[in-house]
Amino acid sequence: MINDLAGGFAAFADPTYLLLALAGVVLGTLVGVLPGIGPIGAMSVLLGITTQVGPTGSLILFAGIYFGSTYGGSTTSILLNVPGEASSVVTAIDGNQMTRRGRAGPALTIAAISSFVAGTISIVGLMLFAPTLSSVAVKLGPPEYMALCLAGLVLLAALSNGSAAKSVVMICAGLAVGTVGIDPADGDLRFTLGTTTLAEGFSFIALVMGVFGIAEALTMAGRRWSPERVSAPRLRELLPNREETRQAAPAALRGSLIGFGLGLVPGPAAVLSTFASYVTEKKLSRHPEKFGRGAVEGVAGPEAANNAAAGAAFIPLMVLGIPFAPTMALVLAALLLNGIVPGPTFVDDQPEMFWTVIAAMYIGNLMLLVLNLPLVGLFTRLLAVPPQAMMPFIIGLCVVGVYADGNSMFDVVVMLVAGLLGFLLRRSGFSMAAFVLAVVLQPTLETSLRQTVAYSDGNATYLLGRPVAMVIVAAAVLTLVASAARALRNRRRPNVISADQSSQPTSQPPRQ
Amino acid sequence: MESVTAGALLVVGVAYGVGALNEGFGSVHDTGAGFFPFLVAVILVPAAAFVLVQELRGTATSAPADEDEEDFQGEVHWPRIGGVLVASAVVPAVGDDVGLVTTLSVAMIVIAKIMGLKGWWAPVALGVAFGVATWLIFVQWLYVPLPAGRLGLA
């Protein structure tokens with residue numbers, strides 16, 4: 001393993017990979033800082049160039065964006081009480097209170113170091129567990145893959161903040177869109193409206209760039225905007241004192257473990273892990289009354305948790321070939337576009353790629369720590385960039401990216417239509433993340449479902465003889481029940497976190 | 001607006017279900033091309049109907065999806081959005097004939113103006129800079145064959 005890792009570092013020394021890692025972490029930090037466009041939007045806009053940078057380069061770039069966005073998201077949470085990302089909402093609660101008490105610098109440092117520690121732990125976990133789990137995953141058959149896909153989709157719908165019914169609708173819409181084109185079993189064309197243009201189905205890149213890139217650009221089109229005034233702390237103000245360090249260290253470690261564990265299971269892990277970590281820290285604290293008033297653990301725990309979840313999310317993708325999160329769906333898409341199909345044999349088949357990406361993650365994580373703290377002032381100044389300048393740029397990138405991928409103007413039209421529909425649907429509270437995940441999982445789900453039906457030979461009890469599939473289904477059902485019970489409980493009393501907070505992160509992004 | 005969206009999804013779901021039946025359900029041993037789509041429609045139609053009923057009753061949650069926060073809420077300047085879409089649609093409409101980079105540069109200038117970027121220097125600089133960067137990166141560096149159009153301007 002050490003030799004493999006050394007080989008990975010040697011391969012990563014290629015200037016192109018170094019440049020892609022740097023570009024990824026900087027871009028990720030930017031989209032994390034800027035409310036409006038998140039890592040999914042950034043990745044979707046860049047999907048068009050993934051075939052040019054190759055599979056390893058794409059993985060390095062996208063991993064950098066994903067890690068960077070979790071770093072960057074905390075900056076505006078702490079300084080402005082405006083979470084740049086959904087996974088930074090919890091950080092804003094105590095992080096911004098620290099800023100109000102004049103401890104913005106230590107809050108940013110604690111968030112950054114906690115993220116670094118968690119990121120490193122998750123990469124070590126990825127390095128250790130992915131090869132081991134691959135040998136187990138080889139034994140999984142169609143029923144288990146079907147159960148994993150279903151669990152991934154169902155839990156995303158059940159555990160997300162918005163309407164579960166709307167998420168189910170979007171999952172079905174995504175599955176339906178995925179069925180357009182060639183039937184994977186018989187090779188017949190279906191839902192193509194008699195044209196050959198749709199024979200290979202809708203371009204995934206066009207759909208994703210539309211519902212994220214174009215739709216997010218359109219949101220900026222109709223907004224009044226005023227620049228944010230941010231006073232970022234100076235370098236010498238960044239260091240936390242001994243007491244703050246002592247409180248943050250164990251919280252960061254616990255957050256890392258919680259995040260890593262939740263990152264391995266289907267559902268919106270990055271967001272959930274921050275809440276789980278916050279609640280855990282509050283319960284373990286001798287002074288729970290400090291939470292919501294600038295508790296250091298309330299920053300360190302959740303920040304570590306969302307970064308650990310981000311790293312852990314790569315394991316199911318690389319080991320099973322199944323993305324459990326929308327961001328991972330885009331990583332999968334980038335690999336598929338390059339002809340790489342991740343799965344149980346991925347680590348054995350592509351050892352150089354795997355270890356190069358591991359090395360890139362280590363270096364990228366370090367880059368984030370080294371770059372982010374000194375450059376926090378620069379990043380926050382980007383909040384002053386007007387959307388009038390940013391939006392045409394996003395649309396231009398989307399158009400060129402989609403065209404470059406398929407050399408087809410039809411794909412550009414599909415993207416623009418998807419953008420308008422995505423904009424309208426997102427305004428109505430429908431989740432495009434669920435839609436995209438469903439489009440990606442559709443081929444695996446349909447194929448495994450039809451194979452399972454065929455293997456069962458009409459025997460309804462067939463699945464009972466597949467214990468792994470049953471465990472996955474049972475776990476999903478249990479989580480659903482727990483989620484429903486929690487929802488019922490929350491209807492009767494205020495949310496466990498928000499109930500006793502003196503200050504809530506503002507839900508309004510700065511672009512108003 | 002939300003009711004219309006939910007209603008449209010319901011109609012699409014029903015049409016998709018009918019289409020799935022036409023594709024053929026097959027048998028247990030040999031499922032047809034419509035088997036999986038029909039199962040999807042069986043879930044999609046009642047879920048969309050449920051959302052529609054909730055919207056009509058006013059009991060649907062107004063919470064945005066996780067990834068959206070409040071970004072997609074609030075007032076919308078529809079003429080501006082329409083203008084942006086029309087300007088963008090010019091690219092696939094005439095991009096093959098005029099050249100993609102040229103069309104896109106002009107579209108970006110128009111979009112920037114529609115968005116309210118003041119003066120002409122900034123929009124023109126934005127459009128030209130993007131065009132030059134696109135040409136350098138995609139055509140010269142990555143060898144992507146972007147349509148050059150009749151003028152041969154890429």
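Chain B has five helices and zero strands as its secondary structure, where helices (H or I, at least four residues) and strands (E, at least two) are DSSP runs numbered from the N terminus. This is a predicted model: local features need pLDDT of at least 70, side-chain atom pairs count only at pLDDT 80 or more, and totals for chains, interfaces and linings use all residues. Residues are numbered from 1 along each chain as its sequence is written, chains are lettered from A and ligands numbered from 1 in the order in which they are written, and side-chain values use heavy atoms, with hydrogens and water left out.

**Chain B overall**

- Along the sequence, the pattern of chain B reads α-α-α-α-α.
- Chain B has 154 residues, and 44% of them count as buried; buried means under 20% relative accessible area, exposed means over 50%, and partly exposed lies in between (1.4 Å probe, protein chains only).
- Contact means heavy atoms within 4.5 Å; among contacts in chain B between residues at least 6 apart in sequence, 50% join residues at least 24 apart.
- Accessible areas come from the Shrake-Rupley method with a 1.4 Å probe, and for residues only the protein chains shown count as cover.

- Ala87(B) sits in helix H3 (residues 78-98) of chain B and counts as buried, at 8% relative accessibility.
- Leaving aside residues up to four places away in sequence, Ala87(B) touches Ala107(B), Val110(B), Ile111(B) and Ile114(B).
- A nonpolar patch on the surface is formed by Trp120(B), Val124(B), Val128(B), Val132(B), Trp135(B), Leu136(B), Ile137(B) and Trp141(B), which together have about 800 Å² of accessible area.
- Patches are made of residues with over 30% relative accessible area and no salt bridge; like charges are joined within 9 Å, and nonpolar side chains (Val, Leu, Ile, Met, Phe, Trp, Tyr) within 5 Å.
- Trp135(B), one of the patch residues, belongs to helix H5 (residues 121-141) of chain B and is partly exposed, with a relative accessible area of 34%.

**Contact between chain B and chain A**

- Chain B brings 70 residues to the contact and chain A brings 76 residues.
- About 6400 Å² is buried between the two chains, 72% of it from carbon and sulfur atoms; buried area is the accessible area (1.4 Å probe) that two parts lose on being put together, summed over both.
- The interface of chain B and chain A has one salt bridge, meaning a side-chain nitrogen of Lys or Arg within 4 Å of a carboxyl oxygen of Asp or Glu.
- Glu55(B) and Lys166(A) meet in a salt bridge through their side chains, at 3.0 Å from N to O.

**Helix H1 of chain A**

- In helix H1 (residues 2-12) of chain A, the buried residues are Leu5(A), Gly8(A), Ala11(A) and Phe12(A).
- Viewed down the axis of H1(A), these buried residues fall within an arc of 120°, so they line one face of the helix; the arc is that of the directions from the helix axis to the C-beta atoms.
- The face turned away from the buried side of H1(A) carries the exposed residues Ile2(A), Asn3(A) and Ala10(A).
- The cover over the buried residues of H1(A) includes helix H2 (15-33), helix H4 (50-80), helix H6 (104-137) and helix H16 (351-372) of chain A.

**Salt bridges in chain A**

- The count over all chains is ten salt bridges.
- Arg426(A) and Glu216(A) form a salt bridge with their closest N and O atoms 3.0 Å apart. Arg426(A) lies in helix H19 (residues 409-427) and Glu216(A) in helix H9 of chain A, so the pair ties together parts 210 residues apart in sequence.
- Arg426(A) and Glu216(A) are both buried.
- Arg190(A) meets Asp183(A) in a salt bridge (3.9 Å, N to O), and both residues are buried.
- In the salt bridge of Glu446(A) with Arg450(A), the closest N and O atoms are 2.8 Å apart. Glu446(A) and Arg450(A) are four residues apart in helix H20 (residues 432-456) of chain A, and so are separated by about one helical turn.
- Asp183(A), Arg190(A), Glu446(A) and Arg450(A) are joined into one network by salt bridges that share partners.
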